[in-house]
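Please look at the sequence and the 3D structure first.

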Amino acid sequence: MWYRQILVFKFLLCLTILSVEAQETDKVERESSAKASLQTVYPSEQEELPHLPLSYRWRRFFWENFDVLLFKTSLNLNQNSLQAPSHIQSELVTWAALDSRTPLENLRTARHIPRNEGPFLRSLAASAIYYLRTFYPPTARNLPSIPTSVESIKHLLSEKYSRYIDFPSFPEEMQKGAETGDMVGALSLKGPFSHYISQLNPFDRSYMIDLSEYEQWPVKEGLCRLGGKAVLKYNPETQQMETETISYQGQNYTKDSGSEWEQKQKIMLMTMSTDISITRHLLYTHACTAGIFSAVNNLYLSDNHPLRILMYPHQHLTLAVNNTNLKLLFGNESGFFPSIFSYNRETILKLVNQKIQNFNISFMDIEKDLQKRYMIGTQSDGEFVPYPYAKNTLRLRSLISNHVKGYLDLYYADDQALQEDETVKSWYEALNIYIPNGIKEYVSEISKENLTKLITTFLYTASVEHENVGNVKMHYGIWHQYIPTQVAIDPSKLPSVDLLHQYMDLSFLTSVPSFKVVDDFSFLGLDEKGKNSLKQFSEAMKSYQQELDQQPFNFYTIYPKNLETSVSS
C-alpha cells in the first residue's frame with residue numbers, strides 16, 4: 001500500500017510541474033487571442049458570462065490540465081497495436097472482493113487484468129484521480145448558475161478539451177425542442193433519449209415514456225425526485241412527437257402549466273440522462289455484459305479458439321477500464337456520480353444493486369427491445385412513424401449478426417459440431433452462471449442460431465450500445481440548461497457551473513478514441529478463412545459508412561467510422 005502511495009505522490013508531483021509549464025503556454029495563447037475574443041465571445045444574443053471566483057478558476061486550470069494528461073496517457077495505451085490474445089487464468093470474484101469501495105452485489109469481474117491492457121499505468125492514473133477528487137475536489141460552493149443561452153454554455157466548455165475531441169454542438173432536434181418548448185417530444189425519436197418511447201399498444205395512436213420507477217429513490221436536499229410519465233402523440237405534419245401530458249408525483253401537467261411544465265420536462269430529461277449514465281452505460285453495458293463476457297472469454301476460451309478470436313477485438317481493454325475506473329464513479333461521495341447526479345453514494349449503490357437483480361441479457365438485444373416497446377414499423381393512423389434510432393441500430397445489428405453467423409459457419413458445420421465442443425459447453429455454462437439471472441431464458445441451448453444471437457448481442461453492446469450511451473450522448477447531455485443532471489425544487493434555480501464542468505470532465509475522460517469497427521483485424525485470424533471473415537466485416541461497415549456519407553450529417557446517427565469495437569474508455 002505504501003509503495004502505491006509513493007507512486008501516486010510522484011505522479012502528482014510530475015503533474016504539478018507540467019501544469020505550471022502549461023500555465024505559461026496558456027498565458028501566451030490567451031494574450032494572442034484576447035482581442036479576437038472580445039469581438040467573438042459576446043455576440044448580442046449571448047448572456048453575460050457568470051463571474052467565477054479566482055480560487056475556482058485555479059481549480060479548473062489544474063483539473064483541465066490534469067485531465068488532458070490522463071487523456072493523452074490513455075490515448076497512448078489505447079493506440080498501441082492490438083496484440084494477439086493470450087490465455088489468462090484469472091478467476092472471477094465479486095466486485096467487493098476486488099475493491100471494497102465498489103460493493104456491487106451478485107456481480108463479478110476478473111481478479112486480474114491482461115498485461116497487454118496496461119493495468120499498472122491505468123491503476124496508477126485511477127488512484128491519482130481518486131485521491132485528488134477526495135482531497136482537492138473540482139467542486140466549490142456558492143458558484144453562479146449556468147447561463148441559459150447555447151453560445152454562453154459553449155464558452156464555459158474547455159478549449160483544452162476541444163483540441164482532442166470534437167467540440168459538442170447543439171443538435172438540430174434540440175433546437176426544435178427549444179423553439180417549441182417540448183424537448184421531451186423532440187428527442188423521443190432521435191438520439192440516445194429515443195430508447196425510452198413505447199407505443200401503448202400496436203393499435204393505439206398514443207405513445208409513452210414511463211420513468212415512474214425512479215420516483216421511489218430519495219435525492220439530495222433541495223432537489224426534485226427523478227421520475228415521471230409522459231404521454232405523446234405523433235404529428236404527421238411536423239413529423240414530430242408532441243408531449244401532451246406529464247404525470248409526476250400524482251399530478252398531471254400540460255403546456256398550460258407554465259413554469260411547472262418546463263420543470264417537469266427537465267425532470268423527465270434528467271431521469272433519462274441519469275438512467276443512461278448509471279444503468280445503461282456503466283451497469284448494463286460495461287459491467288453486466290461486456291465485463292462478464294470478457295472475463296469468461298479469458299478464462300474459458302484458449303487464445304487460439306475460434307470464438308475467442310471472433311470476440312477479441314470487442315473485449316480488448318474492457319477489464320482494464322472496468323476494474324480500474326469503477327471506484328472513480330462511486331467509490332466515495334467525491335466520485336463522479338454522487339457529485340454530478342441527484343443521488344448520494346448510498347442511494348446509487350442501492351439503485352445499482354436493485355438493477356443487477358432485475359437484469360436480463362435480453363435487455364441488450366435491440367430487436368427484442370423494440371418489439372417489447374411496439375416500436376418496429378410503428379404507425380400512427382396508418383402513417384409510418386419515422387424512427388431513425390431503430391433504423392440505424394437495427395442495420396448495425398444486422399451487419400454484426402451476418403458477420404457472426406458467417407464466421408460460425410466456417411468453423412462449425414452444424415449444431416452437433418458446436419455441441420460437441422467441450423470448450424464451448426464450459427464457456428456457455430459459465431456465462432449462465434456469471435451473467436445476472438443467466439442466459440438460458442434468452443438462448444435455451446447451444447446451437448448455431450442461439451450462439452449467433454448471443455455473441456451478436458455482446459458485440460452490439462460493446463460497440464453500438466456503448467457508442468450511443470457514451471459518445472453520442474455527450475452532444476446532448478452537455479446542454480445542462482435543457483438536460484440537467486439535477487433539478488432544484490425551486491424552478492428559478494439552474495444547475496451550478498461546477499455541475500456542467502464535472503459532466504464535461506467525465507465526458508472528456510470517457511471519450512479517449514480506440515479501435516473502430518472499420519479497422520482491419522484480419523491479422524488475428526487463425527487461418528485464411530478466418531482472416532477473410534474478419535476483413536469482410538470491416539468492409540461491410542465501411543460500405544454502410546459510405547451509404548451514410550450520401551446523407552446529411554446529424555448527431556443522432558451512429559456512424560461506423562466513429563464506432564469503437566469495445567468499451568475501451
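## Helices α15 and α20

α15 and α20 are roughly antiparallel to each other, a label for angles over 145 degrees, where under 35 is roughly parallel, 65 to 115 roughly perpendicular and the rest oblique. Their axes cross at roughly 165° and come within 10 Å, with α15 covering residues 388-411 and α20 residues 528-549. Axes are lines fitted to C-alpha atoms, for helices over the stretch in contact, and angles run from 0 to 180 degrees between N-to-C directions. Helices (H or I, at least four residues) and strands (E, at least two) are DSSP runs, numbered from the N terminus.

By class the contact has 11 nonpolar, four polar and three charged residues. Ala, Val, Leu, Ile, Met, Phe, Trp, Tyr, Cys and Pro count as nonpolar, Asp, Glu, Lys and Arg as charged, and the others, Gly among them, as polar.

## Basis of the values

The model is predicted: local features need pLDDT of at least 70 and side-chain atom pairs pLDDT 80 or more, while totals for chains, interfaces and linings use all residues. Residues are numbered from 1 along each chain as its sequence is written, and side-chain values use heavy atoms, with hydrogens and water left out.

Arg397 forms a salt bridge with Asp365, with 3.4 Å between the closest N and O atoms. Arg397 lies in α15 and Asp365 in the loop between α13 and α14 (366-372), so the pair ties together parts that are 32 residues apart in sequence. A salt bridge is a side-chain nitrogen of Lys or Arg within 4 Å of a carboxyl oxygen of Asp or Glu; by this rule the count comes to 22.

## The sheet

Five strands make an open sheet in the order β3-β4-β5-β6-β7, with antiparallel pairing; two strands pair if DSSP finds at least two bridges between them. β3 (198-199) and β7 (251-253) are the edge strands, each pairing on one side only. Helix α9 packs on the sheet, where it touches β4 (206-210), β5, β6 and β7, and its direction makes about 95° with that of β6.

β4 and β5 are joined by five bridges, and Ser206 stands opposite Lys233 in β5. Seven bridges link β5 (residues 229-235) to β6 (residues 240-248). Val231 faces Thr245 in β6, and the bridge partner of Ala230 is Ile246. The hairpin of β5 and β6 has four residues between the strands, and Gln239 there takes a positive phi near 55°.

## Helix α9 and its helix partners

α9 (residues 259-300) packs against α13 (residues 345-358) at an angle of about 55°, with the axes 11 Å apart. That makes α9 oblique to α13, and the crossing is right-handed. Ile278 and Leu283 are among the α9 residues in this contact, and Ile348 and Leu351 among those of α13. The contact residues divide into seven nonpolar, one polar and two charged.

The axes of α9 and α18 (residues 448-477) come within 10 Å and cross at roughly 145°, in a left-handed crossing. This contact includes His281 and Phe293 of α9 and Phe458 and Glu465 of α18. Its residues divide into six nonpolar, 11 polar and three charged.

Terms used:
A crossing is left-handed if the near helix is turned anticlockwise from the far one by less than a right angle, and right-handed if clockwise. Contact means heavy atoms within 4.5 Å.
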